[in-house]
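This briefing covers a predicted model.

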Amino acid sequence: MDEYEKSKWKRRAAWTIALFFAVFYLVVSLLPFLFMVMNSCKEQFEMLVKGIFELPDSLYLGNYKTVLEGNFVRYFGNSLLVLAVSIGVLLFITSCAAYPLARFRIRLCGPVYAAIVAAMSIPIHITLIPVFKLTMQMKLYDSIWALIGPYVAFGIPISVFILTGFMREISPEIEDAAQIDGCGRYRMFFHIMLPLAKPGLSTLAIYNGVHMWNEFSFAYTLTQSAVNRTLPLAVWDFKGQYSMNTPMILAVLTLTALPMVLMFLFAQDALVKGMTAGAVKG
């Protein structure tokens with residue numbers, strides 16, 4: 001067998017192995033979601049009588065109706081508002097910090113960047129008490145606005161780390177040409193760098209958005225009343241209210257996970273471009 005044939009068989013073997021693991025990962029990831037959706041369409045005792053792996057007798061949507069008639073819509077609105085404001089503030093601060101760290105050549109850039117990256121190692125849970133006391137002093141306790149500060153603060157280190165590396169891959173010749181045409185630093189940042197960094201910003205929005213949407217610790221610590229709770233607390237609240245009605249709880253979980261699933265379906269191209277853009281620039 002010549003070298004060409006050996007190389008062809010090696011490529012086929014590599015693609016076969018990769019395809020096997022891809023299918024395996026798809027099955028492992030998809031089955032729990034299908035199990036959750038299937039059993040959420042069953043009546044309360046149907047799941048116990050027929051078994052958890054049996055298809056429902058009919059498409060029962062009463063669980064979803066009951067959930068939507070409760071406080072779920074309010075929880076959903078709170079999560080959406082916190083997510084939108086937090087992501088907007090986070091991306092603005094991150095882009096303003098990443099640009100000078102990627103382009104300026106001053107002595108402070110290295111230590112500042114190292115300090116920001118080092119902040120990634122701080123566990124979130126050890127800050128719960130200090131953040132709680134600070135929130136009480138600022139008169140923000142038990143409001144959805146109390147969640148925005150911690151969400152933004154803990155998203156900054158990883159976001160600056162990723163976006164700084166992304167902006168460093170953008171060709172500096174583009175800025176040199178704009179500077180020759182009389183473009184100032186602020187205009188260069190808002191009209192050149194930010195549009196070029198859209199794939200990276202999209203990746204950060206998806207990455208941090210999933211974390212903020214599912215965050216429980218700060219939401220549980222900094223809010224108390226039902227009117228200010230977010231979706232993770234809704235799951236916890238419905239679990240206590242319908243502890244004996246498993247299909248109802250699965251309906252809550254399905255409605256909670258559905259927005260993130262839809263976001264990945266519609267934004268997967270932007271996510272892939274953001275993850276691979278740094279490897280093909282320049």
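Cysteine 41 counts as buried, because its relative accessibility is 8%, below the 20% cut-off. Cysteine 96 has a relative accessibility of 32% and therefore counts as partly exposed. The whole structure, when searched, gives zero disulfides.

**Cysteines**
- Cysteine 96 takes part in no disulfide.
- The cysteine sulfur nearest to cysteine 96 belongs to cysteine 109 and lies 14 Å away; a disulfide would need the two sulfur atoms within 2.5 Å.

**Helix 6**
- Helix 6 spans residues 128-137, and its buried residues are Leu128, Val131 and Thr135.
- The packing partners of the buried residues of helix 6 are helix 7 (148-168) and helix 11 (217-222).

- Leu19, Val23, Leu26, Val27, Leu30, Leu31 and Leu34 make a nonpolar surface patch of about 620 Å².
- One of these patch residues, valine 23, belongs to helix 1, which runs over residues 3-40.
- Valine 23 counts as partly exposed because its relative accessibility is 41%, a value that lies between the 20% limit for buried and the 50% limit for exposed.

Key
Residues numbered from 1 in each chain as written. Predicted model: local features only at pLDDT ≥ 70, side-chain atom pairs only at ≥ 80, totals over all residues. Heavy atoms only, no water. Buried < 20%, exposed > 50% of the residue type's maximum accessible area, 1.4 Å probe, protein only. Helix = DSSP H or I, 4+ residues; strand = E, 2+ residues; numbered from the N terminus. Contact = heavy atoms within 4.5 Å. Patch = residues over 30% accessible without salt bridge, like charges linked within 9 Å, V, L, I, M, F, W, Y side chains within 5 Å. Areas by Shrake-Rupley, 256 points an atom, 1.4 Å probe, with all protein chains shown as cover. Salt bridge = Lys/Arg side-chain N within 4 Å of Asp/Glu carboxyl O.
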